[in-house]
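Trainee: I have a model open and would like to go through a few local features with you. Could we start now?

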Amino acid sequence: MPLSGVMRRLGLGWVGGVAALAFAGLAHGGVTPEQPGTTTLGPPSPSWFIIKNVMGSASVFDAADGEMLGTLSLTPWTPTVSRHGERGEIYAAEVFYARQHDGERTDVLRIYAHETLAPVAEVPIPAKVASLHRHYMALLSGGRYVVVFNMTPAQSVSVVDVVERRFVGEISTPGCANTMAAGERGFLMVCGNGTLQWIGLDEDGEEASRVRSEVFFDVDKDPLLGKPVASGDGWQFMTFEGQVMRASVADGSIVVSDAWSLIGEDDQGWRPGGTQPFTVHDELGLMVVLTHEGEKDTPDEAGTEAWVFHQDGQRRVGKIEFEEPVGAVHVVEGEVPLLLANSGSNVLVYDLATGRLERTIEAGRGGFLLSY
């Protein structure tokens with residue numbers, strides 16, 4: 001009987017039948033199928049960074065040479081990760097659906113190994129995670145506790161002990177959002193009445209203290225951009241109109257600096273904007289801000305220029321003009337400080353000191369640029 005007839009009698013299509021016969025021939029011939037290998041990462045460099053793709057995975061790159069080092073298989077609802085260098089662990093609060101985009105929902109804090117970028121453990125948490133922005137999750141000082149912001153629409157924070165791999169509990173935080181590590185085992189939140197809230201945990205991860213700042217911005221006249229940046233032992237904040245202030249926690253109290261303006265007399269009509277509108281280089285005392293010409297309520301519009309400011313002097317010291325709009329900026333603090341600018345599917349790498357474009361990295365369509 002012809003081979004095709006044999007396949008029809010066995011119920012095999014041409015492709016399946018040929019594949020089955022080929023595999024059988026390999027098995028009888030004593031050939032062992034090749035197993036995929038595993039590559040491990042060495043010690044991280046300050047020039048490493050992560051770009052989180054809009055629809056899922058994140059990739060690790062070295063800004064110094066543009067090489068991709070590996071991939072984290074994150075869900076689309078995972079906008080950020082936090083890394084603990086000494087333990088070699090990466091943390092991500094992730095949401096999973098039984099049918100990919102709907103069906104039964106499962107939320108977990110997932111733990112990845114630095115060396116392989118593979119998941120090694122996970123802790124179930126309440127299915128309330130608000131995967132909205134980079135500051136929905138924070139690794140607190142001491143490195144034992146991770147806090148995750150929830151919204152259902154009630155607002156709360158889940159606390160996870162990443163050392164013992166256990167869910168500690170949930171803290172109600174009505175009217176306040178974001179989680180920004182600050183102070184000893186504590187985190188700041190931005191509140192809807194123009195204040196900051198700080199919650200400190202005890203050694204067991206339970207709430208130990210809660211304080212509020214004075215009102216420091218007007219929610220109606222000039223609200224905050226919801227994209228603060230860590231700076232030293234505190235956080236930098238920026239308003240729609242380019243007012244900059246810094247907040248930190250000292251002796252259980254919130255300290256907010258006086259505001260200063262990015263916008264000079266000759267800069268009227270220019271505003272900050274983008275998914276990551278500004279970044280800070282602490283050692284050099286520099287702040288880089290994405291700016292564009294636009295109307296009042298355009299905080300998400302990509303930037304056509306990056307302005308470089310000296311923070312202590314509160315003055316502009318440089319400017320980079322882009323050929324196409326840039327949605328996010330981030331600084332990596334290596335021997336040669338580099339500015340990363342996310343434009344479409346490319347990451348542009350600039351020498352921060354000179355403003356010179358060093359290289360272009362084809363990195364896919366990214367949503368956020370993150371420190372590694």
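This is a predicted model: local features need pLDDT of at least 70, side-chain atom pairs count only at pLDDT 80 or more; totals for chains, interfaces and linings use all residues.

Trainee: Where is His133 found?

Mentor: His133 sits in the loop that links strand E7 (119-125) and strand E8 (137-139).

Trainee: Is His133 buried or exposed?

Mentor: His133 counts as buried because its relative accessible area is 17%, and the cut-off for buried is under 20%.

Trainee: Which residues is His133 in contact with, leaving aside its neighbours within four places in sequence?

Mentor: Those residues are Pro79, Asn178 and Phe368.

Trainee: Changing topic to strand E14: how many of its residues are buried?

Mentor: Six of the six residues in E14 (residues 196-201) are buried.

Trainee: Which way do they point from E14?

Mentor: Leu196, Trp198 and Gly200 point one way, while Gln197, Ile199 and Leu201 point the other way. In a regular strand, side chains alternate between the two faces of the sheet.

Trainee: How does strand E13 pair with E14?

Mentor: E13 (residues 186-191) and E14 pair in the antiparallel sense over five bridges, and Val190 stands opposite Leu196 in E14. Their hairpin has four residues between the strands, and Gly194 there takes a positive phi near 90°.

Trainee: And what joins E14 to strand E15?

Mentor: Five bridges join E14 to E15 (residues 207-212), and the two run antiparallel. Ile199 stands opposite Arg210 in E15. This hairpin has five residues between the strands, with Gly205 at a positive phi near 85°.

Key: Residues are numbered from 1 along each chain as its sequence is written. Side-chain values use heavy atoms; hydrogens and water are left out. Buried means under 20% relative accessible area, exposed over 50%, partly exposed in between (1.4 Å probe, protein chains only). Contact means heavy atoms within 4.5 Å. Two strands pair if DSSP finds at least two bridges between them.
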